Each structure stands twice: as structure tokens, then as C-alpha cells.
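Visitor: I'd like to talk through the pockets in this one. Could you take me around them?

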Amino acid sequence: MSGIDTVVFDLGNVFFQWDPRYLYRQVFADEAEMEHFLAHVCTLDWHLAHDYGVPFEQNAARLKEHHPDRADLIDMWRARFHEMIPGRVPGMEPLVRSLKARGLGLYGLTNMPTPIFAELRLRFPEFDLLEETVVSGDEGVVKPDPRIFEILIERTSLVPERALFIDDSRRNVDTAAKLGFHTHHFESAGGLHADLSARGLVG
């Protein structure tokens with residue numbers, strides 16, 4: 001046995017699939033034009049402000065000042081956000097339920113706007129398997145900043161040396177490792193299951 005009694009999950013692209021392309025491929029007829037829009041208008045750096053807690057309307061207003069001809073497309077980011085999320089990451093829900101059934105402490109640590117998290121809890125009931133989820137939009141700090149990990153540790157009293165942190169971002173995984181967590185760089189539920197099995201956490 002590994003001595004791990006706690007598992008901490010990222011949510012986006014671990015519990016559920018997320019990519020703005022799922023939405024904007026429905027809107028743009030040309031793939032290159034869509035990629036240009038996502039690289040130069042609604043960029044991931046721009047979206048990061050939402051994860052820090054900046055309201056969409058405020059963040060969008062700034063962007064529309066620079067791209068007035070793209071106003072409708074910018075507004076779609078919030079109005080049709082759920083179309084960026086086609087569904088669960090295959091295989092993850094039963095794996096999380098298996099960990100819960102074994103009595104492990106389960107927590108979430110996610111970069112996500114507060115209102116989106118509230119909406120996704122209704123869409124994905126497995127969020128409620130997590131005893132506590134620290135959401136960046138609530139805290140005004142995002143991964144990989146160590147401070148958001150410290151907030152989780154303080155709030156839950158988990159011991160990093162007895163906790164496994166799972167995230168699809170290598171930078172986030174590296175921060176967790178520096179703080180003493182066991183880590184798994186997530187790519188698929190199958191890969192995670194193999195790691196959990198090797199650690200004696202699932203059958």
C-alpha cells in the first residue's frame with residue numbers, strides 16, 4: 001500500500017472535457033479562421049481572468065472595445081459556455097466512485113469561474129463526491145500558484161505526503177510535487193486506473 005489516504009482532482013479535462021473549439025467549430029466554417037480567433041481574440045490568457053474571478057461582462061467589455069466586429073462571437077463565450085463541454089471524460093465517473101467506496105478522502109482543486117462551477121455541479125452530480133472543492137474564481141488565485149494549494153491544505157487539513165494530486169497540466173503537477181504531494185499527470189482514465197492500481201488504491 002502507498003500510504004495515500006486522500007486524492008485531489010483537477011476537474012476540467014479530468015472529470016469533464018473542455019475546449020472552446022467544441023463551441024466555435026459550430027460557428028466558423030473555416031478551421032483556420034476559428035484558430036485565428038482563439039489565438040488573437042478570445043485567447044486562453046483572456047479567459048484566465050474569469051478563473052481569477054473577473055466577471056465575464058466586465059472582461060468581455062474590454063475585449064469588445066478592441067474587437068467590436070467580433071462582439072457577438074465574444075459574447076458566445078459565456079452565453080454558450082456549456083457547448084465547450086461535450087461531456088464527461090470517459091471512464092472517470094466510475095473510477096471516482098470506486099475511490100469513494102474505498103473510503104479515501106476526495107477533494108477538488110480547479111481553475112474555474114465561480115458561476116460556471118455552480119452550473120456544472122448540477123450537470124455532473126459526481127462533483128458532490130468531493131468533500132471540498134477549492135475554486136479559483138472564489139479565491140482570486142489560480143494554479144499553478146502554490147497559494148491555492150495552500151488554501152486547500154488549510155481548509156481540509158490534508159497531509160500532502162499522504163495525498164495524490166491529479167491534473168492534466170504539467171505545471172500544476174510540478175507545483176504539487178514541490179509541495180510534497182504524490183502526483184499523476186492525467187492523460188486518460190485508463191492511465192490513471194493503472195497508476196491507482198499500482199499504488200493499491202483500486203482493484
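Visitor: Where does the second largest pocket lie relative to domain 1 (6-17 + 89-199) and domain 2 (20-84)?

Guide: Bear in mind that this is a predicted model. The second largest pocket lies between domain 1 (6-17 + 89-199) and domain 2 (20-84), because both of them give residues to its lining.

Visitor: And how much space is in the second largest pocket?

Guide: The second largest pocket holds about 160 Å³ of space, and of the 15 residues that line it, Val54, Pro55, Phe56, Pro113 and Pro115 are the closest to its centre.

Visitor: Switching to the largest pocket, which residues lie nearest its centre?

Guide: Those are Trp18, Leu44, His47, Asp51 and Asn111, out of 32 residues that line the largest pocket, in which about 740 Å³ of space lies.

Visitor: Which helix gives the most to the lining there?

Guide: Helix 3 does, with 5 residues, while helix 2 (31-40), helix 3 (44-51) and helix 10 (170-178) each supply at least two.

Visitor: What about the domains and the residue classes in the lining of the largest pocket?

Guide: Domain 1 (6-17 + 89-199) and domain 2 (20-84) each contribute at least three residues to the lining of the largest pocket, which by class has 14 nonpolar, 8 polar and 10 charged residues.

Key
Residues numbered from 1 in each chain as written. Predicted model: local features only at pLDDT ≥ 70, side-chain atom pairs only at ≥ 80, totals over all residues. Heavy atoms only, no water. 1 Å grid on protein atoms, 1.4 Å probe; cavity = no way out; pocket = protein on both sides within 12 Å on 5 of 7 lines; lining within 4 Å. Points joined across faces, edges and corners; volume = space filled by probe spheres on them. Helix = DSSP H or I, 4+ residues; strand = E, 2+ residues; numbered from the N terminus. Nonpolar A, V, L, I, M, F, W, Y, C, P; charged D, E, K, R; others polar. Domains from an automatic or database assignment.
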